[in-house]
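Here is a briefing on the model shown below.

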Amino acid sequence: MRFMLLFSRQGKLRLQKWYTAAAERDRKKMVRELMQVVLARKPKMCSFLEWRDLKIVYKRYASLYFCCAVEEQDNELVTLEVIHRFVELLDKYFGSVCELDIIFNFEKAYFILDEFLMGGEIQDTSKKSVLKAIEQADLLQEVAMIQSVVLSLGQ
Amino acid sequence: PSNAAPPPRPGRRRPQRPQRRPSRRSIKMPAVSKGDGMRGLAVFISDIRNCKSKEAEIKRINKELANIRSKFKGDKALDGYSKKKYVCKLLFIFLLGHDIDFGHMEAVNLLSSNKYTEKQIGYLFISVLVNSNSELIRLINNAIKNDLASRNPTFMCLALHCIANVGSREMAEAFAGEIPRILVAGDTMDSVKQSAALCLLRLYKTSPDLVLMGEWTSRVVHLLNDQHMGVVTAAISLITCLSQKNPDEFKTCVSLAVSRLSRIVSSASTDLQDYTYYFVPAPWLSCKLLRLLQCYPPPEDGAVKGRLVECLETILNKAQEPPKSKKVQHSNAKNAILFEAISLIIHYDSEPNLLVRACNQLGQFLQHRETNLRYLALESMCTLASSEFSHEAVKTHIETVINALKTERDVSVRQRAADLLYAMCDRSNAKQIVAEMLSYLETADYSIREEMVLKVAILAEKYAVDYSWYVDTILNLIRIAGDYVSEEVWYRVIQIVINRDDVQGYAAKTVFEALQAPACHENMVKVGGYILGEFGNLIAGDPRSSPLVQFNLLHSKFHLCSVPTRALLLSAYIKFINLFPETKATIQEVLRCDSQIRNSDVELQQRAVEYLKLSSIASTDVLATVLEEMPPFPERESSILAKLKKKKGPGAVSVSDLDEGKRDGGGELNGAGERGPESSVVSTPSPSADLLGLRSAPPVGSAAQGAGSLLVDVFSEAGPLAPASGVNDDGFLRFVCKNNGVLFENQLLQIGIKSEYRQNLGRMYLFYGNKTSVQFVNFTSTVSCPGDLQSHILCTPPVDPLVEGGAQLQQVLNIECLSDFSDAPLLNIRFRYGGALQNLTLKLPLTINKFFQPTEMGSQDFFQRWKQLSLPQQEAQKIFKANHSMDKEVLKAKLLGLGMALLENVDPNPENFVCAGVVQTKAQQVGCLLRLEPNIQAQMYRLTLRSSKDTVSKRLCDLLAEQF
């Protein structure tokens, strides 16, 4: 996978993950162009399209578009389910995720994505494994928080 | 912020909000945010969202940036939490699309925090915003090194993620040695192994030279057997990539992959627990296994192959079973595996039964209610259409595909349907397909019209049984989609009409009729002007299309046309004056009027002035010579095809072309010349054919050594030769009379030759051009001399094993001719392109005539020597039909290229040619005389060679008989 974008129906970019190097300016241009193409498509159209030299696989969930750019030989249907599994992970973590969760907890969304995909390849497809990793991190975070509370009390 | 809240998802039950995370709820209402998160961050995000305008947002951001800057610069040391919060705010600002030029150092500081969340935010910032500042990279690498050594799996994973996210060369240099060790160490946690595998993959993709698998190879391959499915899933991505680049080293993965696949395919839908996705066992892993197998030819081991075929059959069978769930995720996962299996079946292209089953399955999908499946079925069938086993099966779906072209609502699906029609087209259905494509063009989307036009033009040309159909089709094309008909298309129709006299009358008549339309496209005027200017006389007998009627018709369009078209029409007019003297006065009148002769456009003015003058001063004879019918165009690759290739990239059209060549040989509209470039594409060994060739390769080396007369010494790597049947000698004969040019060309590689000879020595420069954008690896080229070839060849040391995309590699051969020879040395080239081994054997165009020294002599001398060489074995003679132009100048040029002296005024018959020369070998000098007697009436030649050595006469005679 070359990159994944999450954007809203209004064309606001909510999350971007790039798996190949590109200049910031080119990235912005690609995002703009691609959002335009995808947003112009009608609901019953197919989820795949050819764009530049890439295959785009996208799916809309409520107000958010999840959009992946994959290589010519990559499997479209399996990419569609990569998106779905990511949505499931977000959903499980945030508890019925909505766009606002991703806006206000963007860093968590990135952490979840990182646990799931690495360098554009699937790291683990098991929902349990991925969430376990995230929860472990959260646990560490809470421990750290308690420590800092204790510290500030001590002062 | 609630105005931006999304509508509830239709049809999706909202699960109960888990109670264990009360703090998440508060994040959604940032005003009362507290607890785990960074309150300041939530407030800031909320502020940004409340900004009513872009200006307000920028103002708020600038305020925040100033605040953060002052905090970072302040005297008071920031605690980790504040640092984390500010770095996170910077990240947010960056992700909004604003530039960030500070904060990197603070982020790097966070990396060495022992608090997980601080470290995590630090790594996130670095991953998103890394900066090539080398000082910083050193610090980052240092932090990563510490985390990798920490033995804390969470920290190790964070560090690995960072490396994978940044993937820079500096990081590869620092960690490419360490990561394989982590990956295969016995005590590494599974989660770390997964990260290490993918991290290594990323480094391999960016800096393959730094990732040396060597000793780790076998242990990495064995990760396919790992107990933990997650580890296998991650590792297989790495293994696939490595296999593509080094298939031989990783080939043991084939049997492991087959057995893993077999276990998954035969497992019940619940066996794999968490790795079962909507009742489909391990869909991602299955797809990846099937993809890995596509890096290799079918397994050679019968048992492995049997097991794999079983798997593929099971997958095809499962497609027929009723679904276990109505959810689209279930069918997507199941079909993802199915499509990947079909890709593998197509890749093998060796199991007719599976290919036909795959085709039938796709046929069902063509009418599926899911648009996605219809799209994929059309796409996949396109590749099936190019397999000889399934081409016929694909063709049975023609009506469905035509229907899709007409009725699909999504243009990308219609595009796929058009592609498939193009791919399944052959002589049997060309008329139907071209007709359907033409009628679709009338309403086709603008975005795909140009490509459709090219495809129609190509199919029409390729499968034209009669030229009138071809002309009709192209004129229709111009009529329907004139704006999208590129120059190449209308040039082509003119070339073909000019080269085929049986279609000229029809073309003139048709174009005349087409021009009757009140509004016709300018391209039609161009074709009309050109064709009537050349062949208007063929329809001039009919009073309805008398010369003057033709002229008036053309001229009625004149004023609406652009300058280039008007220029073309002026040329047509002057041709009319030659064809039809009765139109002279009218046309001169037109040329003479101010709008022509004083036209502000220089080109038009010049043509008008010159044509007017030409028509008034030149005699009929001169006019007839100057304005003679155009000579035939040289046959070459269809420029339209070249254009479509350029448009779609090499793979896009060649699949069907290649296949066409296989299916029905010859009979193309443009005859042999046209097939030239294509047939060389056809003869390109496909990767699988290569591997087969390798297996059956006879040990030529040893056989050659057995031949006692071999004086060959090849100082380059001696590799086994491909079987002689695989030798490509297309280019060979073209070099008998010339020394420089392109010896071979396919989609990947071009081989050019430059050579020079003096006496019995020669030097040949070979240029290997990589036409792709991908590097060739393990590139070797070796020269070998089979049989009793007695020329001594020294090669320069092996060529560089890497040929970068677009680059050219040079090899020099120093050649010494020891004694005369007949067979040519062979040039064997091998390399890997992508995963596939390319193996190519060419006849090196080294022929005995290259060592000719020309000898000048007079008539008396010549015939004296001719008589001296009168023993029957000294003479070789052939009588043969002319295959090429018999033009005197052409023949002269060829004979000069041969290397002998062309003797003028020697033969009493001035039509004949005689030559003399001496072949210089180290062992001896062989004097040769040649006589070539053309018979223009019969289109025949008689060629006689006499030399002091029978083998030389014979060989030269054989070589030359192919040249004229």
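Over all chains, the count comes to 49 salt bridges. The model is predicted. Four of the salt bridges lie across the interface of chain B and chain A. A search of the whole structure also finds eleven cavities of 30 Å³ or more.

**A salt bridge within chain B**

- Lys89(B) pairs with Glu64(B) in a salt bridge, and their closest N and O atoms are 2.8 Å apart.
- Lys89(B) sits in helix 4 (residues 80-95) of chain B, and Glu64(B) sits in helix 3 (residues 54-73) of chain B, so the pair ties together parts that are 25 residues apart in sequence.

**The interface of chain B and chain A**

- Chain B brings 82 residues to the contact, and chain A brings 67 residues.
- The two chains bury about 6,800 Å² between them.
- Carbon and sulfur atoms account for 56% of that buried area.
- Across this interface, 28 residue pairs are in polar contact, with both residues at pLDDT 80 or more.
- The side of chain B that touches chain A has 39 nonpolar residues, 21 polar residues and 22 charged residues.
- One of the four salt bridges across the interface joins Glu121(A) to Lys288(B).
- The closest N and O atoms of Glu121(A) and Lys288(B) are 2.9 Å apart.

**The largest cavity**

- The largest of the cavities has a volume of about 140 Å³.
- Its lining has 15 residues, and those closest to the centre are Phe111(A), Asp114(A), Gln120(B), Leu158(B) and His161(B).
- By class, the lining of the largest cavity divides into nine nonpolar, four polar and two charged residues.
- From chain A, helix 4 (106-116) and helix 5 (127-154) each supply at least two residues of this lining.
- From chain B, helix 6 (116-129) and helix 8 (153-166) each supply at least two residues as well.
- Which helix gives the most to the lining of the largest cavity? Helix 6 of chain B does, with five residues.

Key
Residues numbered from 1 in each chain as written. Chains lettered and ligands numbered in written order. Predicted model: local features only at pLDDT ≥ 70, side-chain atom pairs only at ≥ 80, totals over all residues. Heavy atoms only, no water. Contact = heavy atoms within 4.5 Å. Buried area = accessible area lost by both parts, 1.4 Å probe. Salt bridge = Lys/Arg side-chain N within 4 Å of Asp/Glu carboxyl O. Polar contact = N/O pair within 3.5 Å; in protein donor to acceptor, adjacent residues only side chain to side chain. Nonpolar A, V, L, I, M, F, W, Y, C, P; charged D, E, K, R; others polar. 1 Å grid on protein atoms, 1.4 Å probe; cavity = no way out; pocket = protein on both sides within 12 Å on 5 of 7 lines; lining within 4 Å. Points joined across faces, edges and corners; volume = space filled by probe spheres on them. Helix = DSSP H or I, 4+ residues; strand = E, 2+ residues; numbered from the N terminus.
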